[in-house]
Number of protein chains: 2
Amino acid sequence: MELEVINTGSELLLGNVVNTHLSFLGRALFPLGFRISRQIAVPDGEAIRGVLLEAFERSEIVLVTGGLGPTTDDVTREITADLLGMKLLFNAEVMTAIEARFARRGLVVSDRIQRQAMIPNGALILVNPNGTAPGLYFNLQNRESDSAIRHLFLLPGPPRELIPMFNEIVVPILKDILPQSEPAQCRIYRIVGLGESQVEALVGESLLAIKGLELGYCARPGEVELRIIGSASVLDQAEDFILSVLKSNIVSRDQNTLEQVVINQLVNQNKTIAVAESCTGGFLSNRFTNVPGASLVFLEGFVTYANESKIRELQVDVGMIERHGAVSAEVAVAMAEGALRVSGSDYALSTTGIAGPGGGSLEKPVGTVFIALALKQGEPVVERHLFPTDRENFKWLASQAALDLLRRTLSELK
Amino acid sequence: MELEVINTGSELLLGNVVNTHLSFLGRALFPLGFRISRQIAVPDGEAIRGVLLEAFERSEIVLVTGGLGPTTDDVTREITADLLGMKLLFNAEVMTAIEARFARRGLVVSDRIQRQAMIPNGALILVNPNGTAPGLYFNLQNRESDSAIRHLFLLPGPPRELIPMFNEIVVPILKDILPQSEPAQCRIYRIVGLGESQVEALVGESLLAIKGLELGYCARPGEVELRIIGSASVLDQAEDFILSVLKSNIVSRDQNTLEQVVINQLVNQNKTIAVAESCTGGFLSNRFTNVPGASLVFLEGFVTYANESKIRELQVDVGMIERHGAVSAEVAVAMAEGALRVSGSDYALSTTGIAGPGGGSLEKPVGTVFIALALKQGEPVVERHLFPTDRENFKWLASQAALDLLRRTLSELK
């Protein structure tokens with residue numbers, strides 16, 4: 001069954017607003033057994049007419065967002081009624097609800113507002129407790145026409161009206177439309193330490209050979225998402241293979257971020273962490289503390305940007321900085337060990353490197369970073385990486401490498 | 001001239017990723033004189049074929065994002081060549097660039113990667129310094145065909161590849177396509193401390209009365225962008241009015257971020273800063289250190305998440321924490337003064353609050369934050385704010401308030 005989403009709104013195409021409806025609807029529709037085959041955004045006004053006509057030809061289910069408001073450029077309701085040959089009739093019940101809403105806020109109902117109580121004859125009203133414009137559902141299964149359209153939903157544009165209306169009213173209707181025996185599942189593996197092409201080289205061919213499996217990749221800076229869709233049994237078969245090949249590079253199977261995974265590991269192992277950052281400038285601490293409950297295991301962070309600060313806060317030896325430079329394996333280890341000692345934590349991560357754009361040398365070009373992990377029990381580990389990119393991406397990739405060093409260490413110690 | 005955007009990527013329709021390309025392109029195209037008449041998102045794979053064909057019929061300019069990668073679901077390049085009747089030819093120069101990129105990172109080039117060096121015969125290569133897949137531009141003005149398409153751009157999907165490629169290579173081509181005699185200018189004012197509707201109430205009516213001026217607002221968390229479009233003389237007139245009304249709330253007139261503005265102030269005044277963070281967890285230090293050259297003025301940051309850490313690193317009095325709680329004006333000031341003393345900086349900012357989801361109380365609900373600024377010369381300043389939102393947005397808003405407190409103080413002292 002083809003399902004299509006149409007988003008109306010000039011602000012989407014001018015770029016003033018990001019289209020979050022699409023990601024909301026995509027995620028909400030999948031577990032019901034629906035995939036969006038196409039999404040279209042058009043400006044407010046007449047542009048919706050042609051797009052609706054095309055969609056009616058192609059798709060059995062069409063979801064439209066926006067254009068139900070009171071202003072002159074909100075014409076989705078009128079154009080839909082026109083295309084379906086339906087009359088707009090004044091609905092007293094809808095008008096009463098609108099008036100009650102305005103009265104609660106001490107506002108006067110203008111003439112414009114009345115348009116929202118004009119309902120196409122044959123549409124089902126989807127009540128909107130969070131706004132004035134009701135949604136509309138058109139069941140067109142008995143309509144005499146050659147076009148594909150069977151179910152049409154007109155939904156309000158504001159997310160705080162759309163989301164509850166969809167969850168509470170539209171979902172039950174969709175479940176009636178497509179009762180599911182065995183809904184398709186989607187599993188997503190978050191992978192670090194390998195590029196997209198490396199992941200595909202390792203697992204692609206074998207996965208494509210599994211019948212009934214749909215495969216997708218999404219590359220992000222410093223990580224790759226591998227997505228498989230199919231029945232539970234097919235996914236189990238694929239998962240066995242994926243785990244056997246990519247095992248130590250798989251960060252999560254549940255869309256958990258790397259920082260969530262690491263915090264969970266620390267909580268489960270009842271261990272604490274401290275952070276000493278130079279080049280990542282607070283970003284590594286920030287990723288730890290983005291996770292709700294981080295305070296259980298994250299003791300403190302030191303953003304020791306200046307050398308004096310490394311010496312004073314982390315007890316790094318002045319002579320060591322002079323001999324090896326602040327960007328060196330030796331100083332990275334000394335920073336991590338200093339943070340461990342000062343904070344009394346079980347683990348401490350450190351970063352020192354050259355974020356750029358200035359400060360590089362032949363031996364240590366822009367993008368060079370040393371990452372160290374100090375342990376209360378055991379020898380420190382230090383890694384050297386090169387991320388020659390812009391400043392913010394450098395911070396992301398360096399923090400990614402640091403978090404992954406901790407993740408791998410905690411996995412082994414488990 | 002009709003301009004259409006096609007975004008490929010199953011992850012968009014599954015809702016795993018929000019389509020930020022559309023808003024980026026919409027905003028970037030406008031000042032060039034283009035408006036997006038339609039945007040379509042389709043899954044990876046064959047679906048792009050039909051959509052491309054339709055777009056070719058309708059629009060003179062088509063921008064496609066995604067589907068240029070190395071994996072089997074990336075087929076935009078191949079299908080486009082097929083539709084335009086072009087052969088794919090191996091391009092040694094592109095391959096050399098890809099190999100150099102891989103060599104720099106110590107990676108091996110797989111067979112799959114070679115696909116990205118297959119270039120449709122007749123396409124112009126748009127170099128991609130931030131990824132392996134080059135973009136492609138097809139100038140179809142001399143093509144014998146009844147379809148509308150004249151200019152086709154295939155652009156990489158990852159934002160950090162797409163955005164610089166668009167700004168540096170595509171914009172000049174688009175300027176050639178649509179030379180503007182008197183290009184409309186666009187000025188954007190970044191405003192903090194006022195909501196969107198407050199800004200509109202203060203300046204909206206008067207600005208709308210200026211003939212030839214187009215007006216727009218964009219609300220972001222913790223800031224508002226006021227956008228005016230028109231000829232230079234009209235903009236000057238509008239600007240005089242805007243500055244006279246919003247003066248102290250305008251952070252920048254050049255799209256500089258708040259952190260850039262503050263770093264510039266510190267550099268110009270030859271002053272240094274230190275940061276003591278609790279609830280912002282490194283995010284405030286991170287914003288400072290995102291600015292190239294921050295090391296000139298940013299001495300160090302303390303992410304003192306645990307109370308012990310506040311006491312040890314910042315010399316906050318134990319009794320004060322017991323009496324007032326860690327989230328209090330008193331502790332905020334003590335943290336800032338501690339950071340100032342320890343680091344020897346000229347200014348020190350601190351944050352302490354309740355990011356949530358847990359930890360709130362009746363007196364100090366989730367979202368409460370105290371922000372303090374300590375000065376080497378002068379009395380400390382402390383502010384209380386309430387940002388009841390999710391954790392990451394809370395950190396953003398709290399850091400925004402802290403940076404703005406510093407900005408206002410530095411403006412007054414100047």
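Which residue of S7(B) stands opposite Ile125(B)? Leu136(B) does. The model is predicted, so local features need pLDDT of at least 70 and side-chain atom pairs count only at pLDDT 80 or more, while totals for chains, interfaces and linings use all residues. Residues are numbered from 1 along each chain as its sequence is written, and chains are lettered from A and ligands numbered from 1 in the order in which they are written.

In chain B, strand S6 (residues 124–126) pairs with strand S7 (residues 135–139) in the antiparallel sense over 3 bridges. Strands here are DSSP runs of E, at least two residues long, and helices are runs of H or I, at least four, numbered from the N terminus; strands pair if DSSP finds at least two bridges between them. S7(B) is also joined by 4 bridges to the antiparallel strand S8 (residues 151–155) of chain B, with Asn139(B) opposite His151(B).

Pairing also links the two chains. Strand S14 (residues 298–304) of chain A runs antiparallel to strand S14 (residues 298–304) of chain B, with 5 bridges between them; Gly301(A) has Val303(B) as its bridge partner. The contact takes 62 residues from chain A and 64 residues from chain B, two residues being in contact if their C-beta atoms, placed from the backbone, lie within 7 Å.

Within chain A, helix H10 (residues 258–269) packs against helix H15 (residues 391–413) at about 35 degrees, the axes 10 Å apart. Axes are lines fitted to C-alpha atoms over the stretch in contact, and angles run from 0 to 180 degrees between N-to-C directions. Residues making this contact include Val261(A) of H10(A) and Leu403(A) of H15(A).
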